[in-house]
There are 2 protein chains.
Amino acid sequence: MKQSQLFTKTTKTIPGNIKAVSHKLLYQAGFIRESVAGRYYFLPLGIRVRDKVIEIIEQEMNKAGAIKMITPVLHPLELWKETKRTDSVGFELMKVKDRSGKEFVLGGTAEEMIVDLVRKFGVSYKDLPFNIYQFSQKFRDELRARGGLLRVREFLMKDAYSFHKDEKDFKKEYQNMWKTYTKIFNCLGLKTVVVESDNGYIGGEYCHEFIVESDVGESPFLISQDGKYAAHEDVAKFRKEKKNLNEKEKKLKEVEAKRGKTMQDGVNLHKLPLWQQIKDVMFVDDKNRFILAIIRGDFNVNEVKLKNLVQVNDLRHATDEEIRKLGTEPGFISPVGINKRVIVVADNSLRTIKNTYGGANKKNRDLLNINIGRDYKPNFERDIAMAQHGLISEQGSKLKEGRGIEVGNIFQLGEHYSKRMNATFTAQDGKKKFYYMGCYGIGIDRTIAAVVEKYNDNKGITWPKQVAPFQTHLIQIENKPKIIKTAGKIYQDLEKQGIEVLYDDREDKSAGEKFADADLIGIPIRIVISKKTLERNSVEIKHRDKKEVKLVKTKNLLQFLN
Amino acid sequence: MKQSQLFTKTTKTIPGNIKAVSHKLLYQAGFIRESVAGRYYFLPLGIRVRDKVIEIIEQEMNKAGAIKMITPVLHPLELWKETKRTDSVGFELMKVKDRSGKEFVLGGTAEEMIVDLVRKFGVSYKDLPFNIYQFSQKFRDELRARGGLLRVREFLMKDAYSFHKDEKDFKKEYQNMWKTYTKIFNCLGLKTVVVESDNGYIGGEYCHEFIVESDVGESPFLISQDGKYAAHEDVAKFRKEKKNLNEKEKKLKEVEAKRGKTMQDGVNLHKLPLWQQIKDVMFVDDKNRFILAIIRGDFNVNEVKLKNLVQVNDLRHATDEEIRKLGTEPGFISPVGINKRVIVVADNSLRTIKNTYGGANKKNRDLLNINIGRDYKPNFERDIAMAQHGLISEQGSKLKEGRGIEVGNIFQLGEHYSKRMNATFTAQDGKKKFYYMGCYGIGIDRTIAAVVEKYNDNKGITWPKQVAPFQTHLIQIENKPKIIKTAGKIYQDLEKQGIEVLYDDREDKSAGEKFADADLIGIPIRIVISKKTLERNSVEIKHRDKKEVKLVKTKNLLQFLN
């Protein structure tokens, strides 16, 4: 392509709201433009990169045995009602009505659409397993779009859905997709950390995110020093070491406690360790139930784990007024003798300590020597703790915090959708059985942002060649007829040979401007023709990511590039 | 691909609402499935065809110098308000609000989006012309979806938009796109008629549709016998031969006319030719103005031409009550002495006749010897007549009716959008100038339907090879180990050679079922391996569109196919 025909231009100006490096460079070099917040045009250079990313993913998905198809963008709302996802997705879902009043969802992910399709075919165990995927535009009504392509409201997604006769068969495909994703991101020049995560509104029991480590990322996670365990902070587990389990259980005692409402106030008053104190957090769920989460004093409650445990979509902190109405007191809540309406959820860390202390459900009164089982019996007792930097993984390696860009994810769905949508196949014994399912996504736009976050220097982007918009950037310096003629000839030769070339034929730009543009756009190989090189029947070759410049005889250029 | 891995299946059942051949075959062979009316899944076989169509279009657009990019699917409503298309498109437009209350249009075409993008770049005359295109999902809230992919509510469109410094430059691109489209459709195996059409809600002054002649098509048009003129009935022109212009103008005379309200009643009463009678049709426009359309009695009013002339989006017939309130009488309306509020629009055919007759704006009273100019002066006098089969084109060739599937269109937009959106470039003289524009669309889904309408027989589809889902269909008959082994080997060899192959490895289907499926799916070359062929170290080759069957030595197969 001739650069003179690109209506897009590079620019030095950077709008004030642009912070992330990938956003800045993709904007300045003319790969993308924002329509309104979170909705992007892919300009001619940008779509070439996107097409290459698509092709790499498609090839690897095909090799892995997945089959491409595509669903409509508008999903009938009734399908989302069947799976109750209209409740769980909430505000991220965009809805639209047609002229007849029929309601649709702008597709965010396509589980319902795919299951609805598959259940209409007479599938037998002999047809299983299969994995079907698509590339399609997805919509998320994000509260805040940010970072250019890092968090958008409309984007291209590769989403795949696999159908299996049982869990064992599914697990093979989960591994297959795990490997395929690792390979895809490697092909794109991205090293990924695979992180256990919360399923969010997708449903199912477990899933993994593929994260490119980066400071601009929004996905905080914990990774063990030995690299064997990585998990999103929403689900990360850690070892809760035993404290004073050797102690005898002492007698429960109520004492006066003129203190403030914080944990530290309790420590100061009783001169006992923080870990021995009970931390009580009162929540109200979306069904207006009161949930009291209790945990060892040195840990924090993980609301995602708590939500999943009590199976609600939303939780909020109870107000002081609500707490008093329950017959207790802010800062002095205790599971011991709490109002029976309250659902008590205890973190299993409370089994690592004895003779704990905390409030007495009355202002300025505390209880000492509280013991779980003896003095109170929680409704649930499970892991609801938030892991954090410095704690020890269950396997015994220290956890450290990581942060990155989530570029893909793989989900176990189990029978979550097939049961809700009554989607069955005919098993070998002739009976109808629910599909065991998985799903697998890659966000194309965010993947491109991740590549740019990794591949850049202070002059611009340094595209890996497999996703570069062009392989070569041919630049003519000075507009002498002989130079133009030679450059034009080389341009044609390269195109004929199928070597992608962006030809900077602009006659109103200086050498300096052209070089700066070339560095900004970041095509791997720069080929310069000038008076100087022409005198030697040569062109000057420079790799974007190297400093050396090399003279190559024009007649040997094609050979050199091949 | 192995056919056993296709979860989709062929079927003999045809739902009752399926009428069009393309709909029936694409459904039965498993290329598409409906989600809800007018919204389709492309199944694994279908998306392969779609991808091939896309690739052909993309290659030809690139060769023609157009540049690919892509816009978001959601268009900010305010852009559509700038061009006032929110008024003209009406109910076909789908709107959606995000959580912040911002309104969007689900893109139908993308003129506003593209102009909004381009006007933000500092474009000079040196950057012009350029033609940018995209493949993107489009939405039309059609009143009735029908015919499978023939009329849908959601579809993939290739839409292109060109920007020029003036009309002369634009016209070159219009010709370029005309040729490119003809070439694209030829590549797809489609012969197209290029038909002058109404611009509809796109705007601009003229446009042409590319139509594949077919009885299932919804686009009626007129084409001259010599093939030199073709136009949609909305805009078609014809020669209005002079009738009695030699007569002297006689004196206007009001007579009693006890007759019915039809034109024929007038003919019978006065014993004068139909063509000499004035046909009066009273309309009400969307601004509640009364429009009286008058025309020679043997012609009909073309509402599209009328709407364009008076520049309104909607017209309806006036009620009898409204007509009487104007002080005239249904069946006896006359331009002579009509209420001054009424806008009179005369077809220029009234200049081909003299001493005409018709109502007198009173019940049972007619006027004789009415003459245009003398007895009444219309507000507009132009062509508002409906062409029809049997009339003569302006060039003198007889018009006949055609019908077909509109697969593409090219539009002159002129300054329609650039003026409304204040989109300018810097001209050579340094002044700001509005872009002169064109736009060019191809409906991918409908194009695929058109191919199937043309390429089928009583057994199924007969895909032209350039868009066939696979080039070869390898079928193994009988499940003997040796047959399976040989078939598997051939399958691998073909794949290695890059020859696309669908391998029917299903072990629970008879030869008859496999052949019927192969005919239905319509892959160009069928390769059969059976006990019989194996004995001769051969395979049996049959072209889908031919009867002959040929034995080819297995070892020569690749050579034969290449």
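Reader: Why is B:N537 called exposed?

Author: In this predicted model, B:N537 has 12 C-beta neighbours inside 10 Å. A residue is exposed if 12 or fewer other C-beta atoms lie within 10 Å of its own, and therefore B:N537 counts as exposed.

Reader: What makes the phi of B:N537 worth a remark?

Author: The phi of B:N537 is near 55 degrees, a positive value in a residue other than glycine. Most residues other than glycine have a negative phi. As for its place, B:N537 is in the loop between α14 (531-535) and β30 (538-543) of chain B.

Reader: What is the phi of A:N537, and where in chain A is this residue placed?

Author: A:N537 is not a glycine, yet its phi is positive, at about 55 degrees; the residue is found in the loop that runs between α14 (531-535) and β30 (538-543) of chain A.

Reader: Is A:N537 buried or exposed, and how do you know?

Author: Within 10 Å of A:N537 there are 12 other C-beta atoms, and since the cut-off for exposed is 12 or fewer, A:N537 is exposed.

Reader: What kind of peptide bond joins A:L128 and A:P129?

Author: The bond between A:L128 and A:P129 is cis, with an omega of about -5 degrees, while most peptide bonds are trans. A:P129 is in the loop between α5 (111-119) and β7 (130-139) of chain A.

Reader: What is the omega of the peptide bond from B:L128 to B:P129, and where is B:P129 placed?

Author: Omega is near -5 degrees for this cis bond from B:L128 to B:P129, and B:P129 is placed in the loop between α5 (111-119) and β7 (130-139) of chain B.

Key: Residues numbered from 1 in each chain as written. Chains lettered and ligands numbered in written order. Predicted model: local features only at pLDDT ≥ 70, side-chain atom pairs only at ≥ 80, totals over all residues. Helix = DSSP H or I, 4+ residues; strand = E, 2+ residues; numbered from the N terminus. Buried ≥ 20, exposed ≤ 12 C-beta atoms within 10 Å, placed from the backbone.
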